[in-house]
Structure formats: structure tokens, C-alpha cells
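Visitor: Please show me the structure, and then I will ask about it.

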Amino acid sequence: MPASKSIKLNTGAEMPTLGLGTWRSQPGAVEHAVEYALKNGYRNIDTATAYGNESEVGQGIKKSGVPREEIFLTTKLNNPDMGRPKEALEYSLKQLDTPYLDLWLMHWPAPMTKEGGADKSIDWLDTWHEMEKLYKAHPEKIKAIGVSNFSVEYLKRLLSNSEVVPAANQIELHPSCPQQEVIDLCVSKGIAVTGYSPLGSEGAPLLKNPTVVKIAEKYGVKPGTILISLQANRPKVNVLPKSVTNERILANATIIDLEPADVVELNQIAKTEPFRACHPSWAGWGNLGFTESV
Ligand code: NAP
């Protein structure tokens, strides 16, 4: 299947396949990155309250001059805010200086205390029900709700006990973490999948993977193009490369069609070199239903 340009969400909205990630950027860098990306064709920006940069993202959007309605903007409910989603939503809207979010995600199904431990007094399903209520009550503020870091097990619990089917599930996706079973469930339920850490996260380690380099040479492109295109070539999947570097922001916007055999070969990398940049256990709730070896 050729690479997509956008994905239709279950709300009817179109979400551009290519988005700019903004995690782990030095203060001051994201505003420029967002402005530069938008001025150079990006129309999908991903942030989160946990990244501490919603205000900068909002400034970058303003400085770009691109009208707000042309931009698909995602932010995420922070783990320590899962007992107070209404206040958290208002905080995000204020920080981003925007009247609405295109997509509001539960960042992790893992309530946490302000001190950083698991908060076992909160069930993430109750938080999802609060997000559903806010979405229904305030369509002018939230265009779609979704989840992030949801395994098959957690998605099944949500789907069996909720009214709103998430518009998207944002998960780690790269050749060392292909997560096909999560994608298959999402696709069967009409849930878009957004792939994060497509280059392997900080330092982009997968750019040096020999299989990725070999396939890049075959197409005459940079390894990053292969990694980003790999996700864009998967049906119902979009992708969020992060960079604060002008030339990389430009380079990461090149997406090509891959032959199915190359997609298969790339996803085999996980068999010998599996890894996760964001292991779910960090939040103190175990593996959150993820059953892969990593
Ligand atoms: P990533 O996009 O896989 O990699 C980012 C790293 O690669 C940065 O060090 C960046 O450096 C470098 N890089 C980018 N383009 C490059 C290129 N063309 N050549 C060489 N190096 C390049 O990792 P990520 O930030 O973990 O994931 C992307 C986004 O997904 C995040 O920013 C965030 O928005 C989202 N995310 C979500 C979750 C979640 O829990 N939902 C978790 C992780 C990430 P420079 O910036 O210095 O250029």
C-alpha cells in the first residue's frame, strides 16, 4: 500500500500522516521548530502537558502565521492529572493559547502522584469516562479524544466499558518495536494509530541499523526517510518524527512508497534487535498489558 497523506479519524476529521514531535527539546527550541515546521508544510503538531512546552508550541503556531484551523494539534492528559481532567484540559488550552484541541489523548493508562509514583487510588477507566463527558459537553474545545500507550489488553477493557471509541492510539512504532497486534486491533475498530519514536528516539539510533541503511541505499534516500516512510506505509498509521534542527525537520518530511517486501524485512529487525525507548514500566504500573519481549 502506498504511503498515506492523511488518515480519516472516526470523527470524520482528517489527520495529516506526518506530524512534528516535540518531546525532550531544550527550552526555547520548540517554539522555533514548530514555527519552522509549519512554514515548511507540516500541519500536524504533537505535544503533551508532560513535555512542559505547550506554551512554546502555542507561540510557534502563532509565529508561523498558519491559520489555526489548518493545523492538527494534539496534546495529552498528564499522568498526575488523571484525577482532575477538567482542570488539566483548561490548563492545556490556556498554555497552548488555543480555543480547541484537535485531539486530546490520555498519555498513559497509568495514574501517578505528583511525587512520581503509581497512584493506585485512581482507575484510568474512570478518567476515560471523565474525558468522554468533557468531549460530549465541550465539542467546541475538544474535536476528538483518544489514548496513548494502550496495549491490546487495555484497549479491550476500554472498548467493552465505554461509549466513545478512541479516535487514535499513540504508541511506540519503529522496526525494533512494530507492535502489529496493537495496530491490527485498532484498525479493526476504526482507531487510527500514531507512531512515536520512529527513529528510535533520542539520538535516532535506528538511522545506523544496517538493514535500514541497505534499504535506504536501494531507494537512494536517507535512512530517516525509510524509518518515517515505514510507518506512513502502514494502513491507518501516521508518524511523529521529532527534531528541533531545521534541515532535519525538512528532511523528515520526505515520505516515499515502500515495496511490501521491504516493509516485511524492516519489521523483522525486532526479532533480533528489539527495544523500546519508552518502556511502560517507568510509570510504576508494570507492563500495562504489553506482552512483547521488550
Ligand atoms: P524520534 O522522533 O524517533 O527521534 C528524535 C531524535 O532524533 C532527536 O534526538 C532528533 O534530534 C533526532 N533526529 C530527528 N531527525 C533526524 C534526522 N533526520 N537525522 C538525524 N537525527 C534526527 O523520537 P521521539 O522524540 O521519542 O518521538 C517522536 C515524538 O513522538 C516525540 O517528540 C513526542 O511528540 C512523541 N512521543 C510520544 C510518546 C507518548 O508516550 N505518547 C512517547 C515518546 C514520544 P534533534 O531534535 O536534535 O534534531
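Visitor: How far is a nitrogen atom of the ligand from an N or O atom in the side chain of Ser-148?
Guide: This is a predicted model, where local features need pLDDT of at least 70, side-chain atom pairs count only at pLDDT 80 or more, and totals for chains, interfaces and linings use all residues. Residues are numbered from 1 along each chain as its sequence is written, and side-chain values use heavy atoms, leaving out hydrogens and water. A polar contact here is a pair of N or O atoms within 3.5 Å. For Ser-148 and the ligand nitrogen, the distance is 2.8 Å.

Visitor: Which residue has a side-chain N or O atom 2.9 Å from a nitrogen atom of the ligand?
Guide: An oxygen atom of the ligand is 2.8 Å from a polar backbone atom, and that atom belongs to Trp-23. The side-chain atom 2.9 Å from a ligand nitrogen belongs to Asn-252.

Visitor: How many disulfides does a search of the whole structure find?
Guide: A disulfide is a pair of cysteine sulfur atoms within 2.5 Å. The sulfur of Cys-177 has its closest cysteine sulfur in Cys-278, 9.4 Å away, which is too far for a bond. The search of the whole structure therefore gives a count of zero.

Visitor: Is Cys-278 buried or exposed?
Guide: Buried means under 20% relative accessible area and exposed over 50%, with partly exposed in between (1.4 Å probe, protein chains only). Cys-177 has a relative accessible area of 3% and is buried. Cys-278 has 12% relative accessibility, so Cys-278 counts as buried.

Notes. A polar contact is a pair of N or O atoms within 3.5 Å; within protein, one must be able to donate a hydrogen and the other to accept it, and residues adjacent in sequence count only if both atoms are side-chain atoms.
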